[in-house]
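This briefing goes with the sequence and structure shown below.

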Amino acid sequence: MFLTIEGAVDWVFEPPLDASHRAALTSGNHLVCVGPPAAWTVASVLSRLPPASALDTPPVVVLAPDTADAADLAAVCSTISSLAPALAVTGIARAERLLLAGIARTVVLAPSDALDLVRRAVLKLPSTPTIALVWPEVMLAAGEGGTLDTLLAEAGAVQRVVFTATPDDLTDLVERHARRAPVAILSRPAAAPTVSIRYACIDTPRRSAAVRAVLDQWNPATAVLWDPPPYRLAGFAPQGSGDPTVLPFGETGERTADLAIATDLPSAEVLVALAAQARDVVVLVRSSQQPYLQRLAATLRPQRLPSEADRARNQARVLRDRLRARLDRGNLTGALSALDPLFDLFDPALVAAAAAAELTADPAVGIETAPSTPAAAGPAAASRIRVRLDQGRRDGLRPGDVMGVLLNHVGVAKDHVGRIDIRDGFTLVEVPAHEAETVVRGLAGASIRGRRVSARVERR
């Protein structure tokens, strides 16, 4: 369940703009904002723009490095009433139709698409109150400098709000198109960072699945989820864990959570607060945000998340173990008789592969003509063996922790897990004998409650 957070870092929800910055926004003057290259920082500033009149269509044009950035920015802007609806331009024909209909309050697009729409007389930049240049240093590095100059010259004296993570790269552009603009420092990375974190490069649409994967891997008793505004800041604890329903955030002293997860690139201040809150921090970013993240952390280690290929390998390993156990039990005469006619038509290896594919598609499918015995009743009823884990009651281990890592990380079927016996310093888990080595291999690299697992087969 998600828990209430007290004492959230205030500036996360309100950009740190002083009187001169706010005056620039409200009076239509230019402004340069220096901060993390993340969509939430852009939306938090643009939300402070004054309400546009009905004649301004669209009130805000956002120039983004590419269509992927445009989609991220539009998704965040759409959650803010003064900026919604926001249109991410990914196709010229559709954008032309929607812009002519006048339904978009914010248009987010790459410079080349903006130039195309300007030439079609669909996007009229001189009548747009505000143009936001989002990370133009990336556009300049991609050779878009000439396109930017053309667009901004077309816009004339329209207000520019420039967002950058590396202002030194924009000296000439700011001098030409936003001269004497005040500079708002939204976040300043420390000269000597002290925070150690883990990170994973994940595309925005996969962030929710990645959060679940991180929680499955670490299996923390309590966790803090930082989902930047306009989303949420929340704590997490398993149902029935007995943990408090309120977690204080950002206070000094003892850390109150096992794990903190940032679903987007945080600011330096937020990262320090998360590290003070939790024993471990995992940050989910896009690959283009990684260079900035390196400026925020003293130690940056990759967090490997399970992929579809990993899950496929686990399933294949379980299937091989099942087949090996069935071969060890013998008594396959009936199955060979049923398959024998196919051996004259197909390679026996292909016949075996087809049988395995059918077994994978439906574990209940099988050929067994001999009378069943307890040993042949399947993996769940086969002889069991115990696997020993090096964590126990003193580590706060619970049966649900063990079951979670076996199901989600190793891929063991729930009905294959037998008795879980948690002792003071270790834990014994009963599994089918033919799966014991698979379980031990699968647990290598897994974590329970934020600590790496060491497992071995218990020999009686």
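**Overview**

The chain has a secondary structure of 16 helices and 21 strands. The model is a predicted one. Of the 460 residues in the chain, 48% are buried.

**Whole chain**

- The chain exposes about 21900 Å², and 54% of this area comes from carbon and sulfur atoms.
- Among contacts in the chain with a separation of 6 or more, 75% are between residues 24 or more positions apart.

**Helices α15 and α16**

- Helix α15 covers residues 399-410 and helix α16 covers residues 436-443; their axes come within 10 Å.
- The two axes cross at roughly 85°. An angle from 65 to 115 degrees counts as roughly perpendicular, and α15 and α16 are therefore roughly perpendicular to each other.
- On the α15 side, the residues that meet α16 are Val405, Leu406, His409 and Val410.
- On the α16 side, their counterparts are Thr438, Val439, Gly442 and Leu443.

**Nonpolar surface patch**

- Leu342, Leu345, Phe346 and Leu350 make a nonpolar surface patch of about 410 Å².
- One of these patch residues, Phe346, lies in the loop that runs between α13 (333-343) and α14 (348-361).
- Phe346 has a relative accessible area of 45% and is therefore partly exposed, as this class lies between the limits of 20% for buried and 50% for exposed.

**Threonine 263**

- Thr263 sits in a loop, with β13 (257-262) on one side and α10 (268-277) on the other.
- Is Thr263 buried or exposed? Its relative accessible area is 7%, so Thr263 is buried; the cut-off for buried is under 20%.
- Leaving aside residues up to four places away in sequence, Thr263 touches Arg207, Val211, Leu225, Trp226, Asp227, Pro228 and Leu284.

**Arginine 322**

- Arg322 belongs to helix α12, which spans residues 308-329.
- With a relative accessibility of 24%, Arg322 counts as partly exposed.
- How far apart are Arg322 and His434 in sequence and in space? They are separated by 112 residues in sequence, while their C-alpha atoms are 7.2 Å apart.

Terms used
Residues numbered from 1 in each chain as written. Predicted model: local features only at pLDDT ≥ 70, side-chain atom pairs only at ≥ 80, totals over all residues. Heavy atoms only, no water. Patch = residues over 30% accessible without salt bridge, like charges linked within 9 Å, V, L, I, M, F, W, Y side chains within 5 Å. Areas by Shrake-Rupley, 256 points an atom, 1.4 Å probe, with all protein chains shown as cover. Salt bridge = Lys/Arg side-chain N within 4 Å of Asp/Glu carboxyl O. Helix = DSSP H or I, 4+ residues; strand = E, 2+ residues; numbered from the N terminus. Buried < 20%, exposed > 50% of the residue type's maximum accessible area, 1.4 Å probe, protein only. Axes fitted to C-alpha atoms, helices over the stretch in contact; angles between N-to-C directions. Parallel < 35°, antiparallel > 145°, perpendicular 65-115°, else oblique. Contact = heavy atoms within 4.5 Å.
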